[in-house]
Amino acid sequence: MKIYDYRQELIDLLENTGDDQRSLQQTLRSLSTVINILNHYDDQGTENDHHYEKKPAKHRYQARQRNEQPISSTARHTLHSLLTGPSNQPKAASTPRTAPDVKAHVPVKPEAPKEISAEERLAADNMYLVHRKLSGAEINHRYYSEAILHQLHFPVEDGDIVELDPHQLVRGLPSIRRVTSDHLDDYEPVKINVIEYAELRPVPGSDVLQIASTMKGDSILDQAPANTVVVDPFKYPGRDLKAGMVIDFAYFDHGNGLKDASAGSIRWIHEKQDYDTTRQPAKPKTVKKVTNTKHDYEKKLDYDLKQRTVLVITGVRDKVQGLKPVISKHHGVFHGLDASAEEKVSSSKIKREIRDADFVIVCIDAIHHRISQLANHHAKRYDKPLAIANVTSNMAVERAVGRALNGDPAYATSSEKISQN
């Protein structure tokens, strides 16, 4: 006798039966109908069953495989309709069974080459941008402490491009070989001011310290007696801050004056020998007199600049434009930089001015020492001839230009008599 596997249909029927009387009655009627349908198809298959049992074992197995196939699609559709009965949920639309989709072969287009950034091009030559911090700097995603930067023979400012030596390590980091003349046009350097050589002083009745002046007398603290910055020793564990120590204090300059300085941080703590003024000065060395010290300066001053640009850096504001005829006299182009306000002359500004000049003259009689150092540093970076004028005068500048043009030493010799005219 052929048996049809109707277990799944019964399961579907029971799952679709609700708790109400109407659904239960409908399920009972459906079960009765199912029995009748199954008996009807079983009677039709009785004759085939007798023929099936007379076949050999091999043929009976094949016949069993064929007889266990589901009943006709019409009977199944009728049986399924009776089994499901009324349902509270809408019937989902049946989707015809189709052959699996075969995706057409679409050629993959090669990705366009990514544009190489300026920093990536510099990194190919081991050159990286400097992100200066209040203490230390970040170079190539690595932090260089202030102790490492302090040992360099040149200053490192925010926005500089430095060359690293991966084969020579300093405290586990590639050493900084030099500051290059490269720069990134789209990078705006962060302005950081440094209060140099400020002495820590106690605050009466408190555990904190303060700085109120500097040994150089050129910081924001020296502008008024009331200008002070509080330094909390608990903010710097392990440094053992005490009154009398001399520090460098850095802060981001946002144009808010003392408010910005109060949010700063200690950059460096100086050793006593760096600022000890009680030591006896070294005895001056005896200089032997040199015979035949007369020089033909008139001949040296007879030069032609051929319309090349001369940058004159001075701190005497009212004499800046007065030096223009000196350069014009030798067929040069004069460009002056007023350095009387030291806080307004940043390293990046000096760098831009020197980069565009052919010769650099620094009048050191009325400028801050930091400016002369930066000028000398950037002139070496851009390979610009530089000469020093001890005073801001026409003769001193004229002779300094002559030394720069002829490749002579930057400083004037003792035999040159300079008058302030």
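**Cores and a helix pair**

User: Which residues have the most contacts inside the largest nonpolar core?
Analyst: Leu305, Val310, Val312, Ile327, Ile361, Val397 and Val401, in a core of 20 residues. A nonpolar core here is a set of buried Ala, Val, Leu, Ile, Met, Phe, Trp, Tyr and Cys residues joined through side-chain atoms within 4.5 Å. Buried is under 20% relative accessible area, exposed is over 50%, and partly exposed lies in between (1.4 Å probe, protein chains only).

User: Which elements each supply at least two residues of this core?
Analyst: Strand 12 (309-314), strand 14 (359-363), strand 15 (386-389) and helix 14 (394-406). Helix 14 gives the most, with five residues. Helices (H or I, at least four residues) and strands (E, at least two) are DSSP runs, numbered from the N terminus.

User: What sort of model is this, and how are residues numbered?
Analyst: It's a predicted model, where local features need pLDDT of at least 70 and side-chain atom pairs count only at pLDDT 80 or more, while totals for chains, interfaces and linings use all residues. Residues are numbered from 1 along each chain as its sequence is written, and side-chain values use heavy atoms, with hydrogens and water left out.

User: OK, what does Val312 touch?
Analyst: Leu323, Phe334, His335, Gly336, Leu337, Ile361, Cys363 and Val397, not counting residues up to four places away in sequence. Contact means heavy atoms within 4.5 Å.

User: And what lies apart from that core?
Analyst: Another core, of 17 residues, with Val345, Ala357, Val360 and Ala375 among them.

User: Is Ile313 buried or exposed?
Analyst: Buried, because its relative accessibility is 0%. Ile313 is found in strand 12. Leaving aside neighbours within four places in sequence, its contacts include Val360, Ile371 and Ala375. The C-alpha atoms of Ile313 and Ala375 are separated by 8.7 Å, with the two 62 residues apart along the chain.

User: Switching topic: how do the axes of helix 12 and helix 13 cross?
Analyst: At roughly 45°, coming within 9 Å; helix 12 is residues 347-355 and helix 13 is residues 369-381. Axes are lines fitted to C-alpha atoms, for helices over the stretch in contact, and angles run from 0 to 180 degrees between N-to-C directions.

User: Which residues make the contact?
Analyst: Ser347, Ile350, Lys351 and Ile354 of helix 12, with Ile371, Leu374, Ala375, His378, Ala379 and Arg381 of helix 13.

User: And the whole chain: how many helices and strands?
Analyst: 14 helices and 15 strands. Of the 421 residues, 35% count as buried.
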